[in-house]
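Open the model in your viewer and keep the selection panel handy.

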Amino acid sequence: AGPDPAIEIIRNRLSNVKHKILILSGKGGVGKSTVTSLLGHGLAAKNPDINIGILDADICGPSQPRVLGVRGEQVHNSGSGWSPVYVKDNLSLMSIGFLLGSPDDAVIWRGPKKNGMIKQFLSEVDWGDLDYLLIDTPPGTSDEHLSLVQYLCGAGVSGAVVVTTPQEVALLDVRKEIHFCRKVALPVIGVVENMSLFVCPNCHSRSEIFPATTGGAGQMCTELGVRMLGALPLDPLLARCCDAGDDFTTQLPHSPAVQQLRLIVDSI
Ligand code: ADP
């Protein structure tokens, strides 16, 4: 069999998208979806003249509609494809969450069906002109990642941002993730360390909730020769904003997390 015809269709569909970035993590719960939404808001705020799209490709655990405060919105299929939901003028989102009857509905699909959905998302969403398409992926290296890489190979994927916590169990899986990227020739843009530090709002003491016994993400980046993009602190207000679907970057613009985020946004 020749190459999948979808590769050519996806290449054409995404020809007006300048940078296509996958957001990866080794483990679940390290903040990959949070970082994806923060990058979206951060990029959108940095320059109102650029357009950002987020594709929530975490088929079984789509959390972007909630985190971005657009739960319950509908996507429409027009003649030119599915229209994404607009979070703000220059930030749009497509997620399987919009296609489920209720947010509690479970998606229990085997690999081929999930891959079909990813193919459809990549080939049928009408993003318009985008400067950045951020793709939130499931944790680990699963079928969905292979599909994404396979389908995006003709479309010129920019690379991957890998999210981890400083904890050794998370770092172990991130090393595997980086090796996966190398195997499939996906450039690693860099690593974001999330939940690296906690500053007590009362006494202002600094605690390492997830101690970096082996030097954390910074040390791992040096060992593996990849860029450390920055470190985001653990911030209860950030968690609250995510639950409420509020834009943390405008709610708390002076928080250390948002200041760190700006540095990360500048480096991608
Ligand atoms: P993943 O996508 O890796 O599974 P999530 O982004 O869903 O992880 O984050 C897991 C939980 O941790 C969420 O409840 C989120 O609000 C919270 N969280 C993520 N990063 C932070 C942070 N830096 N400070 C506080 N809470 C965070």
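Two strands pair if DSSP finds at least two bridges between them. Strands (E, at least two residues) and helices (H or I, at least four) are DSSP runs, numbered from the N terminus. Residues are numbered from 1 along each chain as its sequence is written. This is a predicted model: local features need pLDDT of at least 70, side-chain atom pairs count only at pLDDT 80 or more, and totals for chains, interfaces and linings use all residues.

**Stop 1: β2.** Select residues 52-56. Five bridges tie β2 to β6 (residues 91-95), and the two run parallel. Ile52 sits opposite Leu91 of β6.

Color by burial (buried: 20 or more other C-beta atoms within 10 Å of the residue's own; exposed: 12 or fewer; partly exposed in between; C-beta atoms placed from the backbone). Ile52, Ile54 and Asp56 on one side of β2 are buried, as are Gly53 and Leu55 on the other. Five of the five residues are buried, so β2 is largely enclosed by the rest of the structure.

**Stop 2: α2 and α10.** Select Leu38, Leu39, Gly42, Leu43 and Lys46 in α2; they meet Leu261, Arg262 and Val265 in α10 (contact: C-beta atoms, placed from the backbone, within 7 Å).

Methods. Contact = placed C-beta atoms within 7 Å.
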